[in-house]
Amino acid sequence: MEHKINFKNKVLEVVRQIPKGSVLTYKEVAKKAGKSKAYRAVGNILNKNHDSKIPCHRVIRSDGSTGGYSRGLKNKINLLKKEGAI
């Protein structure tokens, strides 16, 4: 169980450090958190995150599409446009 908690914390820390106007893919976040093949787990972790200090909207899919967002896809797109990331 502690191993999963550590990965979750690493994912949240990686995402917290994505600068405004930039994006990372789920796969890049997984790799930076130490598990390059755990990109689906990254999505699940971010989907359950409710801390507004962690900019989950800055994580996109490898094909360049936005992917999901727990606060609504429209909000994600608006936030990324506002920050100049898309």
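The structure is a predicted model, in which local features need pLDDT of at least 70 and side-chain atom pairs count only at pLDDT 80 or more, while totals for chains, interfaces and linings use all residues. Residues are numbered from 1 along each chain as its sequence is written, and side-chain values use heavy atoms, with hydrogens and water left out.

The protein chain contains four helices and two strands, arranged along the sequence as α-β-α-α-β-α. Helices (H or I, at least four residues) and strands (E, at least two) are DSSP runs, numbered from the N terminus. The radius of gyration is 12 Å, close to the 12 Å given by the globule rule for 86 residues, so the chain is as compact as a globular protein of that length. This radius is taken over C-alpha atoms, and the globule rule is 2.2 Å times the number of residues to the power 0.38. Along the principal axes, the C-alpha atoms fill a box of roughly 35 × 25 × 20 Å. Of the 86 residues, 35% count as buried, where buried means under 20% relative accessible area, exposed over 50% and partly exposed in between (1.4 Å probe, protein chains only). Contact means heavy atoms within 4.5 Å; among contacts between residues at least 6 apart in sequence, 51% join residues at least 24 apart.

The largest nonpolar core has 19 residues, of which F7, V11, V15, V29, V42, L46 and V59 touch the most other members. Two or more residues each are contributed by α1 (2-16), α2 (26-32) and α3 (39-47), and the largest share, five residues, comes from α1. Such a core is a set of buried Ala, Val, Leu, Ile, Met, Phe, Trp, Tyr and Cys residues joined through side-chain atoms within 4.5 Å. In soluble globular proteins, nonpolar side chains tend to be buried together. Apart from neighbours within four places in sequence, F7 is in contact with A30, A33, K35, A38, A41, V42 and I45.

Two loop residues were also examined. H57 is placed in the loop between α3 and β2 and counts as buried, at 7% relative accessibility. Beyond four places in sequence, the contacts of H57 are Y69, K76, L79, L80 and E83. T66 lies in the loop between β2 (59-60) and α4 (73-83); with a relative accessible area of 16%, T66 is buried. Not counting residues up to four places away in sequence, T66 touches Y26, V59, I60, R61, L73, K76, I77 and L80.
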